[in-house]
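Me: I would like to go through this structure in short questions. Please keep each reply brief and end on the value or name I ask for.

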Amino acid sequence: MPRLTINGQEVEVPQGTLLIEACARVTEKPPHFCYHPGLRPDGNCRMCMVKIEGMRGVSISCTLPAAEGMVVSTEHPEVLAARRGVMEFLLIHHPLDCPVCDKAGECILQDHSYDHGRGASRYIEPKIVRPKRDLGPRIALWPERCIRCSRCTRFLDEVTGTSELAFFERGDRTDLDIFPGRPIDNPLSLNIVDICPVGALISKDFLFRARVWNLRKKASVCAACSRGCNVVLESYEGKLTRLVPRPNPHVNHHWMCDHGRLSHAYVHDPRRPRQIVKREDARSFNVALPEALEAIRAGLEAVRAAHGAAAVGGLVTAWLTNEELHLAGRLLRDVLGARRLVALAAPPGEAYVAKSGFRIAADRNPNRAGLEAVLGLVPDDEAVRALAADIETGAIRALLVLGGMPAPAYPEELVAVASRLELLVVQDLVPSALLDRAHIVLPAAAAPEKHGSFINDDGRVQRLEPLLVPPVPGGDLGILGALLRALGDRPPGGGGAVGVFADLAARNERFQGLTFQELGDLGRPRRGAEDRPRPPHAAGE
Amino acid sequence: MSLAFSERARAEIDRLLARYPTRGAATLPVLRVAEREFGGIDDDVMVLVADTLDLSPAQVRGVFSFYTHLRRPGWGKYVLQVCATLSCALRGCEGLADHLEARLGIRAGQTTPDRRFTLLKVECLARCGESPVLQVNDDMYVNVTPAKADAILESLP
């Protein structure tokens with residue numbers, strides 16, 4: 001554990017800590033462009049210089065391990081002069097088109113230019129002009145803005161191992177590009193847009209959609225697969241506009257996949273059910289929640305009176321949070337004594353493991369582990385078919401379908417027998433044949449509208465924070481709480497995510513010792529799950 | 001498209017690979033082999049070299065384009081490289097380049113219509129003490145005057 005002095009302050013850091021990270025412990029991290037904590041240091045931009053006593057000149061802090069007895073200054077006059085020099089060179093050919101650049105507002109070249117630049121250029125020669133060009137289905141390049149820091153090429157070399165980008169030519173002709181006919185189309189490609197320190201690499205999906213300083217943000221979790229990558233949800237004018245990864249060494253490090261970023265179109269799909277609908281004699285009405293609840297209560301009562309409690313069935317999905325699943329279990333098992341409670345499975349996607357070890361799960365049920373931990377259920381289409389068989393024989397007469405999913409996956413068998421039900425309540429995110437047959441339609445909340453927690457496929461309990469307002473105020477948790485109340489029960493812990501989670505932790509040993517608040521931004525392992533950060537780089541490298 | 005190295009070239013590449021710590025480290029010498037084998041490096045050759053070395057085509061193109069000394073598609077039979085770096089510039093390489101441009105009727109960077117000559121201005125060829133320097137394919141000529149250049153060109157088969 002070397003001890004060193006930085007800006008007059010003593011600090012002790014673990015062996016092998018880079019000087020730039022050691023500096024960050026006592027002061028602001030030295031300004032830098034090419035250094036990124038998720039990539040191997042390269043030391044090419046020369047911006048992160050510090051003065052080390054006893055060493056000639058200035059040294060870059062991103063490649064140098066902190067050593068015992070070092071005396072370091074991040075604000076030495078030589079350092080400040082060197083930074084100004086680096087900034088001047090970087091800006092020589094930069095177009096300074098911030099007003100029309102997507103990156104403006106989150107651009108480190110812009111930030112460092114304010115802090116360390118001259119404010120005016122002494123360069124009078126013509127600037128290099130290179131028009132923008134396409135690099136693949138999701139990414140475009142504004143070559144003039146590139147400062148050749150190589151973060152993108154290192155990401156594609158180290159993390160995906162696909163190396164689609166390289167620098168061609170050299171000197172002032174150096175040009176970042178793909179090989180002709182070999183576009184960037186790997187599952188993690190959009191990360192290079194995030195780590196680009198300037199506006200050179202641009203996401204076509206986000207291009208010109210919002211100025212970043214107008215975005216509202218919430219730290220949450222991606223729901224596109226069971227991995228649970230930590231993300232920041234960002235919205236503009238009430239619309240989910242962008243998802244960016246939020247570093248978590250236990251889950252996704254600094255990255256997330258393109259699928260996760262781009263799989264939220266359903267949230268603002270105009271066909272998405274947003275109204276509570278009651279259908280009677282082939283006519284449908286928009287109704288308020290109390291009227292729907294009363295219809296559900298009456299319908300359940302009629303079925304239970306005529307056929308017994310066992311004539312009720314339930315179907316849930318892994319888009320319900322742990323808290324919602326806890327209320328759903330209480331409703332269906334404890335209050336209604338349902339005959340069958342089954343979970344619908346999302347069709348599997350493609351599994352992917354990057355060179356660095358970053359994973360995309362084939363399992364596209366985001367809270368599969370929660371479903372198992374809270375209700376002991378596994379998403380299983382066979383169980384749904386068995387439920388359909390029970391409906392066919394008349395053993396089940398009322399069915400509550402809760403949670404929904406972004407792509408309808410109800411088995412044919414279930415849809416075929418749906419009209420036999422005396423009461424069919426369907427809550428979903430998208431239209432489906434089953435939804436069309438429902439007596440009561442309840443809009444489901446999408447993941448970016450939820451307050452609650454998911455468990456990822458490592459057993460990590462992670463918080464979702466609502467960025468958007470769900471179609472029904474209070475979301476799924478609110479609907480479930482209201483349903484419990486309508487049936488004479490009451491939701492535990494007041495019915496909010498925090499209280500319901502506390503009740504879950506008190507009753508379910510897998511959640512023992514956890515509180516919703518203590519999950520924090522990075523989550524906590526559920527009881528019995530491993531808690532070990534993974535190294536950011538591939539083993540053996 | 002189905003480009004492949006000859007038996008002989010492959011044997012040479014295997015010998016080269018044994019001398020380097022990684023396959024990628026042998027990019028330049030293997031590009032040299034490919035240049036001899038195919039008479040120049042075009043996109044198809046770069047893809048073949050990439051496949052041979054377990055690299056991406058972009059990585060090979062990055063190395064190839066960094067250097068000026070590997071033959072590019074469309075270059076003529078004789079590639080005339082006029083050094084345009086400082087020492088040669090002080091000793092009159094501009095005049096040499098202008099003379100060659102006038103004689104061949106092309107600008108630096110271009111190839112004569114008969115594909116006999118390609119004229120290039122390049123960075124330092126490392127013979128500063130005897131500047132100006134002209135390199136014709138792999139042969140180096142020093143202290144080159146316009147008259148000497150004429151003689152060199154006329155002597156070419």
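Reply: Helices (H or I, at least four residues) and strands (E, at least two) are DSSP runs, numbered from the N terminus. This is a predicted model: local features need pLDDT of at least 70, side-chain atom pairs count only at pLDDT 80 or more, and totals for chains, interfaces and linings use all residues. Residues are numbered from 1 along each chain as its sequence is written, chains are lettered from A and ligands numbered from 1 in the order in which they are written, and side-chain values use heavy atoms, with hydrogens and water left out.

Me: Where is A:Lys132 placed in chain A?

Reply: Helix H3 of chain A covers 108-116, and strand S6 covers 133-134. A:Lys132 sits in the loop between H3 and S6.

Me: Is A:Lys132 buried or exposed?

Reply: Buried means under 20% relative accessible area, exposed over 50%, and partly exposed in between (1.4 Å probe, protein chains only). A:Lys132 has a relative accessible area of 55%, so this residue is exposed.

Me: Which residues does A:Lys132 touch, not counting residues up to four places away in sequence?

Reply: Contact means heavy atoms within 4.5 Å. With residues up to four places away in sequence left out, A:Lys132 touches A:Leu141, A:Trp142 and A:Pro143.

Me: What distance separates the C-alpha atoms of A:Lys132 and A:Val498?

Reply: Along the chain, A:Lys132 and A:Val498 are 366 residues apart. Their C-alpha atoms are separated by 49 Å.

Me: Why is A:Ser59 classed as buried?

Reply: A:Ser59 belongs to strand S4 (residues 59-60) of chain A. Not counting residues up to four places away in sequence, A:Ser59 touches A:Cys48, A:Met49, A:Val50, A:Ile52 and A:Leu64. A:Ser59 is classed as buried because its relative accessible area is 10%.

Me: How many residues of chain A are there, and what percentage is buried?

Reply: Chain A holds 14 helices and 25 strands, and its C-alpha atoms fill a box of roughly 90 × 50 × 40 Å along the principal axes. Of contacts in chain A between residues at least 6 apart in sequence, 66% join residues at least 24 apart. Chain A has 541 residues, and the buried share is 56%.

Me: Which helices of chain B do the buried residues of H2(B) pack against?

Reply: Helix H2 of chain B runs over residues 27-38. Its buried residues are B:Thr27, B:Pro29, B:Val30, B:Leu31, B:Val33, B:Ala34 and B:Glu35. An α-helix has 3.6 residues a turn, so residues three or four places apart point the same way. The buried residues of H2(B) pack against H1 (7-17), H3 (43-53) and H4 (57-66) of chain B.

Me: What span does H2(B) reach from its first C-alpha to its last?

Reply: The expected span of a helix is 1.5 Å times one less than its number of residues. H2(B) has 12 residues, and the expected span is 16 Å. Just after H2(B), B:Gly39 takes a positive phi of about 80°. From first C-alpha to last, H2(B) reaches 16 Å.

Me: What distance separates the centres of domain 1 and domain 2 of chain B?

Reply: Domain bounds come from an automatic or database domain assignment. Chain B is divided into domain 1 (7-66) and domain 2 (78-155). Taken over C-alpha atoms, the centres of the two domains are separated by 28 Å.

Me: What pattern does chain B follow along the sequence?

Reply: Chain B has seven helices and four strands. Read along the sequence, the pattern is α-α-α-α-β-α-α-β-β-β-α.
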